[in-house]
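Good morning, colleagues. I should like to take a few minutes on one helix and its surroundings, and I ask you to keep the structure in view.

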Amino acid sequence: MFASMVRIRRVEESIAARYSEQQMRTPVHLCLGQEAPPVGVSSHLRKTDKVLSGHRSHGQYLAKGGSLERMIAEIYGKATGCSAGKGGSQHLVDLDCGFLGSAPILASTLSIGVGVAWSLRAAGTDDVCVVYFGDAATEEGVFHEAVSFASLHKLPIAFVCENNLYSTHAGLAVRQPTRPIADLALAHALPSLTADGNDALTVREASGAAITRARAGDGPTLLVLDTYRIVEHVGPGDDSKLGYRSPEEIERWRRLDPIALSASRLERTVDDWSRRLSDLESTIANEIEKAFDFALRSPFPESSELLTHVYPTRVVGS
């Protein structure tokens with residue numbers, strides 16, 4: 001789990017460092033500071049389990065086993081990207097690893113995830129679906145519709161809310177009544193749990209209960225993981241000058257860094273820790289360099305591909 005978190009962090013830092021080169025012509029919503037939730041959850045998932053996410057999805061994609069080369073190529077809009085270069089950062093899809101898709105429309109993948117969970121149960125498997133979303137998604141009607149339907153039919157799904165306290169530049173206090181987000185589960189008769197989303201071991205324990213429940217056919221769980229994004233809402237920069245959060249708040253959360261927390265534990269228990277950490281960093285750096293090289297060398301989609309993967313709808317009776 002530590003290696004996975006470091007890998008996600010270094011990938012995001014590399015995207016941030018290269019973004020100003022103006023070759024990634026897509027908005028990027030980075031998950032710097034939010035590495036623990038997808039890594040802890042994915043530690044329980046099989047390749048055949050399904051995952052959907054929202055706009056801040058790089059970490060979930062990589063933790064589920066998605067291809068780093070194909071993700072970077074997608075951000076560069078290349079034909080070798082996981083969405084054939086037509087989705088960009090916010091529309092990652094990789095059926096090979098069970099990552100069914102991410103989308104920027106708030107809460108939009110919640111209902112899709114419920115449909116996926118319905119299909120998994122109909123197929124008679126014990127595979128599960130995990131849907132990641134932010135705290136603002138709980139303010140949408142589709143959240144309540146999805147959770148209610150999943151609870152009623154005891155579908156094999158875990159609803160994972162990464163609560164980073166903000167929707168763009170608006171904090172929880174101006175968007176929601178004062179109550180725990182997890183309490184929303186009470187209205188829909190499903191269990192819920194709030195956990196420290198910056199502690200990978202805590203996330204692993206909490207999500208293990210939710211995944212086990214779903215896999216056993218006992219229905220969904222709402223898991224709220226409290227975490228924090230370090231960089232701006234969209235892009236690689238520092239937005240503390242905008243005034244919606246203070247530098248002191250950001251620094252306070254930096255001290256709760258999920259990777260530093262895990263490193264401090266491992267340093268006390270793992271022999272030859274410094275060498276092993278250095279080897280890990282070197283391996284990850286080499287992988288990232290190769291991924292960017294792959295993306296830059298890859299071709300853009302041909303113009304003939306413009307209308308592929310575009311599906312018209314037909315109105316009955318028309």
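Let me begin with the length of helix α6, residues 141–152: at 1.5 Å a residue its twelve residues should span 16 Å, and the end C-alpha atoms lie 17 Å apart, which agrees. Please bear in mind that this is a predicted model.

Which residues of α6 are buried? They are Phe-143, Ala-146, Val-147, Ala-150 and Ser-151. Viewed down the axis of α6, the buried residues fall within an arc of 125°, and therefore they line one face of the helix.

What covers the buried residues of α6? The cover includes helix α5 together with the strands β3 (129–134), β4 (157–163) and β8 (221–226). Just after α6, Lys-154 adopts a positive phi of about 50°.

I now turn to α5, which comprises residues 108–122 and contains Leu-120. Is Leu-120 buried or exposed? Because its relative accessible area is 8%, under the 20% cut-off, Leu-120 counts as buried. Leaving aside residues up to four places away in sequence, Leu-120 touches Lys-50, Thr-125, Asp-127, Val-128, Cys-129 and Pro-156. Finally, Leu-120 and Leu-155 are separated by 35 residues in sequence, while their C-alpha atoms are 8.6 Å apart in space.

Note on methods
Residues are numbered from 1 along each chain as its sequence is written. This is a predicted model: local features need pLDDT of at least 70, side-chain atom pairs count only at pLDDT 80 or more; totals for chains, interfaces and linings use all residues. Side-chain values use heavy atoms; hydrogens and water are left out. Helices (H or I, at least four residues) and strands (E, at least two) are DSSP runs, numbered from the N terminus. Buried means under 20% relative accessible area, exposed over 50%, partly exposed in between (1.4 Å probe, protein chains only). Contact means heavy atoms within 4.5 Å. The expected span of a helix is 1.5 Å times one less than its number of residues. The arc is that of the directions from the helix axis to the C-beta atoms.
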